[in-house]
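This report describes the sheets, helix packing and pockets of a single protein chain. The account follows the display below.

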Amino acid sequence: MKLIVTETYEELSELAAGMIAQAIKDKPDLVLIPATGESPVGTYRALANLFQAGEFETGQVRIFQLDEYLGLEPDDHRLLGGWMDRMMLEPIGIDPAKTVGFTSNSPDPAADANAYSAALQAVGGADLVILGLGPNGHIGFNEPPAQADAPARVVPLTPESVISNAGYWGGADQVPRLAITAGLRDILGGRQILLLVSGAHKRDILHRSLTGPVGPETPGSFLQGRDNVIVVADRAAWGDEPTPPALAG
Ligand code: F6R
């Protein structure tokens, strides 16, 4: 694992966008799992600028959704799939219809989860996974406790996640209580993992994830000790302490 601390969120976003663009240039048919949420918004904006500047092409890029709420109708404005389409796919010219997504109002989400993992395996797993870090250490919606080999599955959201997601939709009563997520197994199987963390409110969970005990209580801790993981955190998230030598890369 390598930690890069940037002074600002803008710097984080530019750096991460450059990495994603390079990954697409290196492998035009990249299999990508992109997080939604606040953390990567600047990155996706910067990536769209690079795309507009003709830095890379996306005609062959393959997208697997990271997670989705359950129990929402297909036209609901809170769908994470819709967020992903608006914030990431459409600005970089990827047809949302071509992505492997989750169906929020599916009659059998457990079967969908199995089909998702099978489809991901069929393409050889993810080349790049872009993650944010939840206030409870979740990655995707792998809520604690989560085992490192957890498959894609249906998960109840923890109160902490409901509170953090309330910020997206104007109140906790607007946040669905059930979700479907790529499993830690799907995520950790990615050939490259990029974790984006911004803001002082993430400092404690960032340090716990990167330097605390590894285990199911902090799902993000399973990223430790893997040489395919790059964490880009801004100064507000990491703080002033020096980067531990083990994370200097
Ligand atoms: C979103 C997701 C979540 C978020 C995490 C951080 O698709 O899977 O794990 O990445 O909750 O959210 P933000 O970035 O909004 O702080």
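## Loop, sheets and pockets

Pro145 lies in the loop that runs between S5 and S6. The model is a predicted one. Within this model, the peptide bond joining Pro144 and Pro145 is cis, with an omega of about -5°.

Strands of a sheet pair through backbone hydrogen bonds, in either a parallel or an antiparallel sense.

S5 is part of an open sheet of six strands, whose order is S1-S9-S8-S5-S2-S3. The pairing in this sheet is parallel. Its edges are formed by strand S1 (2-6) and strand S3 (62-63), each of which pairs on one side only. Strand S5 (residues 128-131) runs parallel to strand S8 (residues 192-197), and four bridges join the two. Ile130 has Leu194 in S8 as its bridge partner.

S6 belongs to an open sheet of three strands, arranged in the order S4-S7-S6 with antiparallel pairing. Strand S4 (67-69) and strand S6 (153-156) are the edge strands, and each pairs on one side only. From one strand to the next, the twist averages 25°. S6 pairs with strand S7 (residues 178-181) in the antiparallel sense, over four bridges. Opposite Pro156 stands Leu178 in S7.

Helix packing may be considered next. Two packed helices are described by the angle between their axes and the distance between the axes. Helix H1 (residues 9-26) packs with helix H2 (residues 41-52) at an angle of about 55°, and their axes are 8 Å apart. The crossing of H1 and H2 is right-handed.

Rolling a probe the size of a water molecule over the atoms shows where empty space is left.

| Pocket | Volume |
|---|---|
| Largest pocket | About 440 Å³ |
| Second largest pocket | About 210 Å³ |

The lining of the largest pocket consists of 22 residues, and those nearest its centre are Gly37, Glu38, Ser39, Tyr168 and Lys202. Helix H5 (residues 159-169) supplies the largest share of this lining, namely three residues. By class, the lining of the largest pocket comprises eight nonpolar, eleven polar and three charged residues.

The second largest pocket has a lining of 16 residues, with Gln65, Glu68, Leu79, Gly81 and Phe102 nearest its centre. Here the largest share of the lining, four residues, comes from helix H3 (residues 80-89). Six residues in the lining of the second largest pocket are nonpolar, eight are polar and two are charged.

Methods
Residues are numbered from 1 along each chain as its sequence is written. This is a predicted model: local features need pLDDT of at least 70, side-chain atom pairs count only at pLDDT 80 or more; totals for chains, interfaces and linings use all residues. Side-chain values use heavy atoms; hydrogens and water are left out. On a 1 Å grid over the protein atoms alone, a cavity is a set of points where a 1.4 Å probe fits but cannot get out, and a pocket is an open set with protein on both sides within 12 Å along at least five of seven lines; lining residues have an atom within 4 Å of a point. Grid points are joined across faces, edges and corners, and a volume is the space filled by probe spheres set on the points. Ala, Val, Leu, Ile, Met, Phe, Trp, Tyr, Cys and Pro count as nonpolar, Asp, Glu, Lys and Arg as charged, and the others, Gly among them, as polar. Two strands pair if DSSP finds at least two bridges between them. Axes are lines fitted to C-alpha atoms, for helices over the stretch in contact, and angles run from 0 to 180 degrees between N-to-C directions. A crossing is left-handed if the near helix is turned anticlockwise from the far one by less than a right angle, and right-handed if clockwise.
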